Amino acid sequence: MTEFQILKNMQPAPELVREAIKEKPGFGEHFTDHLSHIRFTRAQGWHAHTVRPYGPIILDPAAAVLHYAQEIFEGLKAYRHADGSIWTFRPQLNAARLARSAERIALPQLSEEDFLASLSELVAVDAAWASAPKNDLDEVSLYLRPFMIASERFLGVRSSHEVDYYVIASPAGPYFPGGIKPVSIWLSRTLKRASAGGTGFAKCGGNYAASLAAGDEAAANGCQQVLFTDAAEGKYLEELGGMNLMLVTSDNTLITPELGDSILDGVTRRSVLELAPQLGLRVEERKIEVAEWRERHAAGEIVEAFACGTAAVVTPIGKLVSDDFTIDHGEEPGEITMSLRKTLLDIQYGRAEDTNGWLYKLADG
Ligand SMILES: *Cc1c(COP(=O)(O)O)cnc(C)c1O
């Protein structure tokens with residue numbers, strides 16, 4: 001394995017400050033004392049593996065990423081277990097997805113070995129930032145954000161010959177500090193996130209840039225999230241801006257849009273689909289029309305809906321709002337939604353046996 005050079009931060013956050021942040025971390029607002037960094041050039045490949053003090057990145061104003069958005073990222077969480085050890089969840093899937101994203105955005109591939117080491121080296125140095133949950137309802141974690149940018153100083157349009165990969169870490173509290181409450185989602189009719197042949201399956205900043213105006217539209221309509229439909233016909237359900245979509249029927253079937261090049265292959269999505277049969281649910285991955293949700297909800301056949309992704313785990317959907325109709329699933333989270341949520345969290349926090357071998361140890365703690 002390539003050794004990471006560790007350059008210690010000589011001015012880390014004082015313990016009192018760190019502990020105060022950990023008490024009320026929010027989401028994505030505070031960062032630990034270090035970051036991981038690996039540099040790529042055409043001549044040398046990936047090299048200069050380091051963990052060094054967290055701080056601003058110096059980029060040339062002509063760096064390709066600032067102009068042509070040649071950027072990809074990942075998102076996963078580190079969980080501290082009761083014995084103090086720190087784990088993450090199925091990081092091999094994130095490594096593989098980063099490689100698929102890299103291929104689509106014409107960035108170089110980082111090996112799984114380097115990806116895993118970039119996480120564990122950082123978490124080992126910044127372990128003091130990982131809180132243990134106070135009880136079974138507490139959802140504290142250390143959110144890990146790997147990302148890769150085209151840093152070559154060049155305004156010509158081609159893939160960059162110089163690239164930098166980083167991992168930053170952010171203490172995270174529960175996504176719903178006031179308890180789990182179903183969210184309202186806005187059905188975006190005119191603004192699309194991804195199309196056939198596009199970059200929807202890649203985890204890239206450009207997809208998020210394309211979804212932000214629809215997010216503002218959602219907010220203006222009293223919704224917290226956006227649901228995107230297929231770009232060609234606007235007829236089929238795809239996913240939210242950063243979460244996959246699932247529907248539950250009254251005869252215990254979990255239905256989700258099938259993957260394609262406009263839908264992101266979420267680790268949470270996959271895990272929920274794999275856990276579902278253990279909870280007695282059948283699983284269907286297929287095309288789903290918006291009309292099917294409306295009609296089968298009205299007929300009492302689609303009884304729960306939820307979104308899933310690493311940041312918010314499993315999030316019940318209370319309402320789907322459009323300009324001419326609303327599907328109302330009520331104010332209370334669905335039973336199956338909540339049991340899938342709990343099953344997943346119990347594995348991640350080490351409270352249930354990890355029979356699938358999904359956990360990966362980052363540090364002894
Ligand atoms: C990251 C992401 C998800 C969720 O993926 P997880 O691996 O479960 O976190 C879903 N949709 C989009 C568009 C995403 O970027």
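Because the model is predicted, local features need pLDDT of at least 70 and side-chain atom pairs count only at pLDDT 80 or more, while totals for chains, interfaces and linings use all residues. Residues are numbered from 1 along each chain as its sequence is written, and side-chain values use heavy atoms, with hydrogens and water left out.

Aromatic rings were examined in pairs. A pair is described by the distance of the centres and the angle of the planes. Rings of Phe, Tyr and Trp (its six-membered ring) pair if their centres lie within 6.5 Å; planes under 30 degrees apart count as stacked, over 60 as edge-to-face and the rest as tilted. By this rule there are eight aromatic pairs. One of them joins Phe 89 and Trp 358. Its geometry is edge-to-face, with 5.5 Å centre to centre and 85 degrees between the planes. Phe 89 belongs to strand β6 (residues 86-89), and Trp 358 to the loop between α8 (335-348) and β18 (359-363), so the pair ties together parts that are 269 residues apart in sequence. Helices (H or I, at least four residues) and strands (E, at least two) are DSSP runs, numbered from the N terminus. Phe 89 counts as buried at 6% relative accessibility. Trp 358 is buried too, with a relative accessible area of 5%. Buried means under 20% relative accessible area, exposed over 50%, and partly exposed in between (1.4 Å probe, protein chains only).

Phe 147 and Tyr 166 form a stacked pair, at 5.3 Å centre to centre and 25 degrees between the planes. Phe 147 lies in strand β7 (residues 141-150) and Tyr 166 in strand β8 (residues 162-172), so this pair connects parts that are 19 residues apart in sequence. Both Phe 147 and Tyr 166 are buried. Phe 40, Trp 46 and Tyr 165 make up one aromatic cluster.

Charged groups also sit over rings. The criterion is NZ of Lys or CZ of Arg within 6 Å of the ring centre and within 35 degrees of the ring normal. Lys 287 lies over the face of Tyr 236, 5.4 Å from the ring centre. The charged end of Arg 294 is placed over the ring of Phe 325, at 4.0 Å from its centre.

Tyr 68, Leu 155 and Val 157 make a nonpolar surface patch of about 320 Å². Patches are made of residues with over 30% relative accessible area and no salt bridge; like charges are joined within 9 Å, nonpolar side chains (Val, Leu, Ile, Met, Phe, Trp, Tyr) within 5 Å. Accessible areas come from the Shrake-Rupley method with a 1.4 Å probe; for residues, only the protein chains shown count as cover. Tyr 68 lies in helix α2 (residues 64-68). Its relative accessible area is 39%, which is partly exposed.

Polar contacts were then considered. These are pairs of N or O atoms within 3.5 Å; within protein, one must be able to donate a hydrogen and the other to accept it, and residues adjacent in sequence count only if both atoms are side-chain atoms. Ser 170 lies in strand β8 and is buried at 2% relative accessibility. Its side chain reaches the backbone oxygen of His 30 at 2.7 Å. Asn 207, in helix α5 (residues 205-220), is buried at 3%. The side chains of Asn 207 and Thr 199 are joined by a polar contact of 2.7 Å. The Asn 207 side chain also reaches the backbone oxygen of Ala 202 at 2.8 Å.

The whole structure holds 26 salt bridges. Each is a side-chain nitrogen of Lys or Arg within 4 Å of a carboxyl oxygen of Asp or Glu. Arg 90 and Glu 274 meet in one of them (3.3 Å, N to O). This pair links distant parts of the chain: Arg 90 is in the loop between β6 and α3 (91-104), Glu 274 in helix α6 (residues 267-275), 184 residues apart. Arg 90 is buried at 10% relative accessibility, whereas Glu 274 is partly exposed at 35%. Glu 152 forms a salt bridge with Arg 158, with the closest N and O atoms 2.9 Å apart. Glu 152 is buried at 11%; Arg 158 is partly exposed at 35%. Glu 284, Arg 286, Glu 292, Arg 296 and Glu 301 are linked in a salt-bridge network.
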